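Hi everyone, thanks for coming.

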Amino acid sequence: VTIAASTAIAALDQRQLRVAALWFAVGTAVGALYLVLELFTNAALTRAAMNSMGFLQPENSKHAVIAGDYVKRVSLSEFNQNATIVMLALWPALSVCALVVKRPRRALYLTLLFVVVALAMLLSQSQSSQMALIASLAVFVFAWKWRKAAIRLLAVLWCLAFVLVLPLDILAYKSELHMASWLPSSARARVILWEYTAQRSLNRPWFGVGVDSTRTLKLQGTLEQPEGFVFPRSTGSHAHNLFLQTWYELGLVGAILMAFAGAAVALRMLRLPTRIQPFAAAAFATFASIGAFAWSIWQTWFMCAIALLVIYVQVTAGASRDDGSRQARGS
């Protein structure tokens with residue numbers, strides 16, 4: 001799909017690409033504003049829709065407080081996917097504002113878009129998106145100053161993550177971080193989950209247990225939750241870590257292929273227009289940060305979000321082609 005989209009993008013003229021890029025940025029801003037509104041009002045729009053249309057009401061009260069047929073409260077964790085998608089769109093949308101929008105409105109639009117998305121992330125319960133916001137901002141600042149070095153460093157760190165993920169997960173558990181009261185419960189649960197999954201990875205080191213098999217294997221085993229643990233000793237439904245899940249399900253062969261694939265994508269950013277590259281580097285850091293702490297790599301919506309991220313960057317790069325060529329001729 002991404003290849004087909006790339007071919008279609010290449011066929012668009014400059015005006016069409018600029019229009020598409022601008023509307024993508026507008027869509028990102030609208031999505032962020034909607035998320036802020038829902039998070040700030042305890043999902044007022046969602047609750048109104050559920051209460052006016054009964055078929056939208058959840059079947060159980062796991063993520064909502066229901067009194068009779070009335071939904072009183074919705075868990076804000078239900079918007080974690082929304083937060084992830086908005087966060088993934090942030091840096092391509094900012095690049096549109098920086099490269100397509102003309103002065104003097106450019107700085108205003110950049111500031112407003114970043115503030116709205118940052119506010120949405122801070123209000124959300126998606127800790128992986130919050131971490132991605134901080135990490136991607138640091139990468140952007142570094143890449144703005146040292147563009148080529150930042151991109152090459154991203155490629156190296158991506159590969160190192162596959163090398164170090166197993167020993168670091170085991171070391172964290174042996175250091176008893178899962179019992180550290182100063183860590184949030186979700187982080188302590190991750191330490192238990194990661195160490196257990198890392199140990200199981202060593203049982204099938206070459207080809208792993210199979211693509212998307214973690215949930216099935218979990219259901220076949222017994223869950224042991226020692227006293228004081230915040231999470232059972234199990235692999236969970238997935239590893240909550242892209243690098244570890246690759247090792248567990250695809251083994252060494254899959255880890256090598258995934259490492260080279262990610263590094264190739266990172267280094268490919270050097271072929272983008274110069275002014276796009278810091279934004280692309282920040283977008284790559286966003287994806288890597290979220291993938292390192294959150295979702296299963298095989299969830300359909302997450303895979304589609306990553307594919308769309310590539311398309312967003314391509315549209316923005318295409319929309320700025322004339323600017324880049326003029327800049328090159330001028331120098």
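Before we start on the pocket, a quick word on what "lining" means here: a residue counts as lining a pocket if it has an atom within 4 Å of one of the pocket's grid points. And keep in mind that this is a predicted model.

Okay, the second largest pocket. There's about 870 Å³ of space in there. It has 26 lining residues, and those closest to the centre are Asn 80, Arg 190, His 240, Ala 294 and Trp 295. Which elements give two or more residues to that lining? They are H4, H6 and helix H8, which is residues 185-201. H8 gives the most, with six residues.

Now let's turn to H6. This helix covers residues 127-145, so to speak 19 residues in all, and runs 28 Å from first C-alpha to last, close to the expected 27 Å. Its buried residues are Ser 128, Ser 129, Ala 132, Leu 133, Ser 136, Val 139, Phe 140 and Ala 143. Looking down the axis of H6, you'd see those buried residues fall within an arc of 145°, so they line one face of the helix.

What covers them? Among the covering elements are helix H4 (80-99), helix H5 (105-123), helix H7 (147-174) and helix H11 (277-293).

Terms used. Residues numbered from 1 in each chain as written. Predicted model: local features only at pLDDT ≥ 70, side-chain atom pairs only at ≥ 80, totals over all residues. Heavy atoms only, no water. Helix = DSSP H or I, 4+ residues; strand = E, 2+ residues; numbered from the N terminus. Expected span 1.5 Å × (residues − 1). Buried < 20%, exposed > 50% of the residue type's maximum accessible area, 1.4 Å probe, protein only. Arc of directions from axis to C-beta. Contact = heavy atoms within 4.5 Å. 1 Å grid on protein atoms, 1.4 Å probe; cavity = no way out; pocket = protein on both sides within 12 Å on 5 of 7 lines; lining within 4 Å. Points joined across faces, edges and corners; volume = space filled by probe spheres on them.
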